[in-house]
Amino acid sequence: MNSIGLLLILVLYLSILFYIAYWSEKRSHSKWANNPYIYSFSLAVYCTAWTYYGSIGVAAESGLSYLPIYLGPILIIPTWMIILKRIIRISRVNKISSIADFISLRYGNSRFLGALVTIICIFGILPYISLQLKSISDTFHIVTKTQASSNIFTDTTTYVCIALALFASYYGTKYVDASEKRRGIVTAVAMESILKLVFFLIVGIYVTYFVFDGFDDIYQKASVLKDFDKKNTIGGITNGINWFFLCVLSMFAIFLLPRQFHTAIVENNKETHIRTAIWLFPLYLLLFNLFVFPIAWGGNILFEGKGHNSDTYSLLIPQLFDNNVLTVLVFLGGFSAAISMIIVSSIALATMLSNNLLIPYGFIGSLENSSQEKNSKRIVNSRKIGIFSLIILAYAIYRIFILDYSLVSIGLVAFVVIAQLAPSFFGAIFWRRGSKNGAVTGIILGFLTCFYTLLIPYAIGITASTSLFIQEGPWGIELLKPFQLFGLDYLEPIPHAVFWSLLINLMSYLAVSVSFKGNYRERNYAEMFVDIDKYITNHENAFVWKGTAYISDIQKVLQRFLGEDRTKRALTIFNLKYSIDKNITTADARFIKFAENLLTGHIGTASAKILISSVVKEDKISLPEVLRILEESKENIIINKKLTDTSNELKKISEQLKNANQELVNKDIQKDEFLDTVTHELRTPITAIRAASEILHDDDDIPEELRKQFLQNIISESDRLNRLIDKILDLEKFETGKQKIYLSKNNITKTIKKTLYSLNQLIKNKNIIVEFKDSNKEIRAFYDEERIVQVIHNLLSNAIKFCSETDGKIALSILENETNIEVKIHNNGKIIKEEDAEAIFDKFYQSRNQNIKKPIGSGLGLAICKQIIEHHKGSIWSENNVTDGATFIFTLPNYNTTENS
């Protein structure tokens, strides 16, 4: 493919990324931009061009040695539910926006330590960014079959670099508060992660199953190549130790790399997203490594003796077979892997550079007297310039130093440099005694050791066999050979540097921390970091501070960075949270901590402390007093927790009492309605009987035919009265548990037919059509037939009453399963409202709801039906999704279930 065509594809691809970032930023609360899968895929920024190309190169040259870099994260990720959650909580409550802020804050808001961590990160990551630019340049020239240009103005990488710098500086600095979530960048990175994985899997499948005939075919052909068996085994104890240190190195990298800290900690919206990440991210790494071996050894087979760069086999193989589309897709995958790392790393480094170097050691004085608009503009511009400068500086390093090194070699060097933060970082969250002096000493000595055992040899040239420094050590002292320090000669250069630098770093950190106590502020933050779960809800309470401070002075400082409106809102929230009178003028420790947190996102932890300290007068506090205050704080938190729990319990009990009271009120209303309805229902037949009796008593000359009619009325009303009393007694027996049912084996179809026959005349009178599915099928069940006839009779009577007056229809069906039988009775009359679906089974419900009031009846029928069915261990309900009438369903245990039980 020609250069112009590929450049146009890159422009289109970058435009799509711009749009994704823009769209996500506008819809930051959308589930598409804010969900656990976007979070998990954004963590795959760990997989850079080193993973995409370098792993293949390592597998081709040295077999399985590429695996430890992925085994480390996979092994440590299950601990994220504890470690990562703790780090996220600490960062969230303290508005931390970078790893430099995290370490600096833990060790007493140390300005120097924050600057030191920033310098270490820049020193380690800039060459790593250069590595990504190298991969873009190398692969571009492979795809276009052109030669790299020594002229920067004709080098394509120059313009790609500028485009990335503009993109990152624009979207990475949209917020003055660096702790704000950048949903646009994160979503774009997540999409890139998905694409690079998909493209890598496509080329893997292509090489394995189209170029070759599966894994076995590649293995058989590769096994005859030189040193195949030797390369593809872990080897003896020596190689095992090398693997161990590489795994440890990658375990640290997944926490400490600025881009990983940024995506995993700063950009985390919900702790629950970790649950998805702990399975999806390892799965991602496993999928990415699935085809590394086939591509690497497939390349070795195809290009044996041709001297090609094994890092680029994933491009060379499809290109060899003239598959231009796949070649471009692979290139775009590698391009995605590179630019996502460049963008996120430059944003993280620029934030650290601004908050921990430029502001605290540069223009913090000028920020104190400027307006909010000027301060915000200056902070944002410093980050924009920082991002742009870092990417351009990385490009310069690439042009001058990186051209002759492999992807993996530079990547591992960056890992070793960043690993020097490990003792102070993990000590910050697990060890209270860790001190600032210990952290500073450990990081400096560890870095110097790394510099001596790794960086100097790499600067000289690791393959420079004539270098006396590498071969014989300085001044010919063999014990000081950089790759065999103190005679340790069985470790490879990277594990060797890891061992000595971290050993010296850790021992220095421990020794100095134990020997020299830190100040009260360090111990204060040590307690807050180590016991974050205790202080998560009221962390301001754990902050120890004594002195004189006025809210108005601190408010003026806040207004210079947050603006007047936001400052007022923040103060209102604080006063409500701690029930503080807004008329109070002096600030306590809680307010000092609250104010520092508000500023931290804008200018970093160290600068926030400097600014707040400039307007307050702090008294020195002894370490024992700090411990005493912290102990009191712990007790207060425990008491507050108990009070909160008690309050919640009281609320719960109060709610239960309220519900019980409401239920009693409802019962009382129901009782009144019950008595009112019963009185009415009893009075009606009694009145009719009395009226007919009086007529018969007073008039001896009444015609015989009329006399018989009155006597028939008396008998009918007496029967009605008797039925009502029977129903009331029935219901009372069921509710008090006195009513017994007599179970037997019956055919439910036959029972329904018998009931239908008894109602046949009523059905004919209303011209109702009855459909009974499976009426000839025998369905056995275990029930009291007399009582179930009563239920079916009641439901059918209601169906007849409420059926359509013109074209009435009743449908009956029976469904049988393993546990029960289900009888369904539907009529095409009035619909039962959803809110009435349960209430219709209450006693006399018809008297309270005229919309579904029965034209005739006592209102006890459905209540009795419910009691009968429940005594049979069944259920009865009305379907509320019916659109043409009413459907009642009841269930009974089937014959087999009952028999077995």
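Me: In which loop is Asn767 found, and is Asn767 buried or exposed?
Reply: In this predicted model, Asn767 is found in the loop between α33 (760–765) and β4 (769–772). Phi of Asn767 is near 55°, which is a positive value in a residue other than glycine. Its relative accessibility is 60%, and because exposed means over 50%, Asn767 counts as exposed.

Me: Where does Lys95 lie, and how does Lys95 count at 22% relative accessibility?
Reply: Lys95 lies in the loop between α5 and α6 (99–106), and although it is not a glycine, it has a positive phi of about 55°. Buried means under 20% relative accessible area and exposed means over 50%, with partly exposed in between. At 22% relative accessibility, Lys95 therefore counts as partly exposed.

Me: How are helix α5 and helix α13 oriented to each other?
Reply: Two packed helices are described by the angle between their axes and the distance between the axes. The axes of helix α5 (residues 83–93) and helix α13 (residues 258–266) come within 9 Å and cross at roughly 80°. On the α5 side the contact is made by Leu84, Ile87, Ile88 and Ser91, and on the α13 side by Phe261, Ala264 and Ile265. Because angles from 65 to 115 degrees count as roughly perpendicular, α5 and α13 are roughly perpendicular to each other.

Me: Which residues touch the most other members of the largest nonpolar core?
Reply: In soluble globular proteins, nonpolar side chains tend to be buried together. The largest nonpolar core here has 206 residues, and its largest share, 22 residues, comes from helix α17 (residues 324–367). A second, separate core has 38 residues, including Ile752, Phe772, Cys803 and Cys865. In the largest core, the residues that touch the most other members are Tyr46 and Phe102.

Me: Which residues of the chain does Phe102 touch, not counting residues up to four places away in sequence?
Reply: Phe102 is a member of the largest nonpolar core, and its contacts are listed here without residues up to four places away in sequence. With those set aside, the residues that Phe102 touches are Ile87, Ile90, Ser91, Ile96, Phe261, Phe425, Ala428, Ile429 and Phe529.

Me: How many residues of helix α16 (residues 313–320) are buried?
Reply: Just after α16, Asp322 takes a positive phi of about 60°. The buried residues of the helix itself are Tyr313, Ser314, Leu315, Leu316, Ile317, Pro318 and Gln319. Helix α16 is thus mostly covered, and of its eight residues the number buried is seven.

Me: Which residues is Thr449 in contact with, leaving aside its neighbours within four places in sequence?
Reply: Thr449 lies in helix α21. Buried means under 20% relative accessible area, so at 10% relative accessibility Thr449 counts as buried. Leaving aside its neighbours within four places in sequence, Thr449 is in contact with Trp500, Ser501 and Ile504.

Me: What separates the C-alpha atoms of Pro457 and Pro482?
Reply: Pro457 is found in helix α21 (residues 436–460), and at 0% relative accessibility it counts as buried. Pro457 and Pro482 are 25 residues apart along the chain, and the separation of their C-alpha atoms is 7.2 Å.

Me: How many disulfides does the structure hold?
Reply: A disulfide is a covalent bond between the sulfur atoms of two cysteines. Among the cysteines of this chain, Cys121 counts as buried at 0% relative accessibility, and Cys161 counts as buried at 1%. For the structure, the number of disulfides is zero.

Me: What percentage of the contacts in the chain with a separation of 6 or more is accounted for by residues 24 or more positions apart?
Reply: The chain has 36 helices and nine strands, and buried residues make up 54% of its 901 residues. Among the contacts with a separation of 6 or more, the share that comes from residues 24 or more positions apart is 81%.

Methods: Residues are numbered from 1 along each chain as its sequence is written. This is a predicted model: local features need pLDDT of at least 70, side-chain atom pairs count only at pLDDT 80 or more; totals for chains, interfaces and linings use all residues. Side-chain values use heavy atoms; hydrogens and water are left out. A nonpolar core is a set of buried Ala, Val, Leu, Ile, Met, Phe, Trp, Tyr and Cys residues joined through side-chain atoms within 4.5 Å. Buried means under 20% relative accessible area, exposed over 50%, partly exposed in between (1.4 Å probe, protein chains only). Helices (H or I, at least four residues) and strands (E, at least two) are DSSP runs, numbered from the N terminus. Contact means heavy atoms within 4.5 Å. A disulfide is a pair of cysteine sulfur atoms within 2.5 Å. Axes are lines fitted to C-alpha atoms, for helices over the stretch in contact, and angles run from 0 to 180 degrees between N-to-C directions. Angles under 35 degrees count as roughly parallel, over 145 as roughly antiparallel, 65 to 115 as roughly perpendicular and the rest as oblique.
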